[in-house]
Amino acid sequence: MPTDLSPLIAATARWLTVAYPPCGGALASALCEVQARQAVTVAAWLRYPTEIDAGLVTMAGPGGTARLDWITGAEAAGDHSAEEWAWRSWVDEVVASWAAALLTDAELAGLAVAALAEGEHTATPVEFRRLLSPDDGDRRAAALLRHPDLLAPVAALHRDQLLARLGPGRSLAA
């Protein structure tokens, strides 16, 4: 059973950076992408903490962007060819919501990274420096991506599930 979450992580990070684009040039774009990818990776590993969880979402598919696009007012898929929008089918709404919550709440991000130790994915807090300790350049580059008011509608979608996952007596399986 395939257990690679990289298509889900890449698509969800791409959705976040399309919905909340970087502020600046090429360097800002790269910094924004790294922050989105780190937040999405943490969220995906929390959401799918075991190989079985990852395998199931890989087989079934994560669901796509329809609700996220509606909430953020993104343009309709009918305006583009299917090839241009195919990546959107790999976006996971829950992972995007959790990543949005992590990007706007440093304390929650720290709890989430610490909780990764309980899953089957390997990580250390150093791997997520731009998520946990963004410098001024990171913050400028991802001003929209880290803006609590702008991300609030997306973060609120599944915030309760994230808090339950990180709370006492949490379960490992999604």
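**Helix 6 against helix 7**

I began with helix 6 (residues 93-104) and helix 7 (residues 106-115), whose axes are 5 Å apart and which pack at an angle of about 120°. This is a predicted model, in which local features need pLDDT of at least 70, side-chain atom pairs count only at pLDDT 80 or more, and totals for chains, interfaces and linings use all residues. Residues are numbered from 1 along each chain as its sequence is written, and side-chain values use heavy atoms, with hydrogens and water left out.

I took helices (H or I, at least four residues) and strands (E, at least two) as DSSP runs, numbered from the N terminus. Axes are lines fitted to C-alpha atoms, for helices over the stretch in contact, and angles run from 0 to 180 degrees between N-to-C directions. Angles under 35 degrees count as roughly parallel, over 145 as roughly antiparallel, 65 to 115 as roughly perpendicular and the rest as oblique. Helix 6 and helix 7 are therefore oblique to each other.

Next I looked up who meets whom, with contact meaning heavy atoms within 4.5 Å. From helix 6 come A101, L102 and T104, and from helix 7 come A106, L108, A109 and A112. I sorted these residues into six nonpolar, one polar and no charged. In this scheme Ala, Val, Leu, Ile, Met, Phe, Trp, Tyr, Cys and Pro count as nonpolar, Asp, Glu, Lys and Arg as charged, and the others, Gly among them, as polar.

**Helix 6 against helix 11**

I then turned to helix 11 (residues 159-166), whose axis comes within 9 Å of that of helix 6, with a crossing of roughly 75°. Helix 6 and helix 11 are therefore roughly perpendicular to each other. On the helix 6 side I found V94, S97, W98, A101 and L102, and on the helix 11 side R159, Q161, L162 and R165. By class, this contact has five nonpolar, two polar and two charged residues.

**Helix 6 against helix 1**

How do helix 1 and helix 6 cross? For helix 1 (residues 6-19) and helix 6 I noted axes that come within 10 Å and an angle of roughly 55°. The two are therefore oblique to each other. Helix 1 passes helix 6 in a right-handed crossing; a crossing is right-handed if the near helix is turned clockwise from the far one by less than a right angle, and left-handed if anticlockwise. L8, T12 and L16 of helix 1 meet V95, A96 and A99 of helix 6. I put this contact down as five nonpolar, one polar and no charged residues.

Is V95 buried or exposed? V95 has 0% relative accessibility and so counts as buried (under 20% relative accessible area; exposed is over 50%, partly exposed in between, with a 1.4 Å probe and protein chains only). Leaving aside residues up to four places away in sequence, V95 touches L8, T12, V40, A43, A44, R47 and Y48.

From A96 to T12 I read 6.1 Å, C-alpha to C-alpha, although the two are 84 residues apart in sequence.

**Aromatic pairs**

How many aromatic pairs are there? I found two, using the rule that rings of Phe, Tyr and Trp (its six-membered ring) pair if their centres lie within 6.5 Å; planes under 30 degrees apart count as stacked, over 60 as edge-to-face and the rest as tilted. W15 and Y20 are edge-to-face, 6.3 Å centre to centre with 80° between the planes. W15 is buried at 1% relative accessibility, and Y20 is buried at 6%.

W45 and F128 are also edge-to-face, at 6.1 Å centre to centre and 85° between the planes. This pair links distant parts of the chain, 83 residues apart: W45 is in helix 2 (residues 26-47), F128 in the loop between helix 7 and helix 8 (129-132). Both W45 and F128 are buried.

**Helix 3 and the whole chain**

In helix 3 (residues 51-60) I listed D53, A54, G55, V57 and T58 as the buried residues. Their cover includes helix 1. Just after helix 3, G61 takes a positive phi of about 90°.

Last, I looked at the chain overall: there are eleven helices and zero strands. Of its 174 residues, 44% count as buried. Among contacts between residues at least 6 apart in sequence, 82% join residues at least 24 apart.
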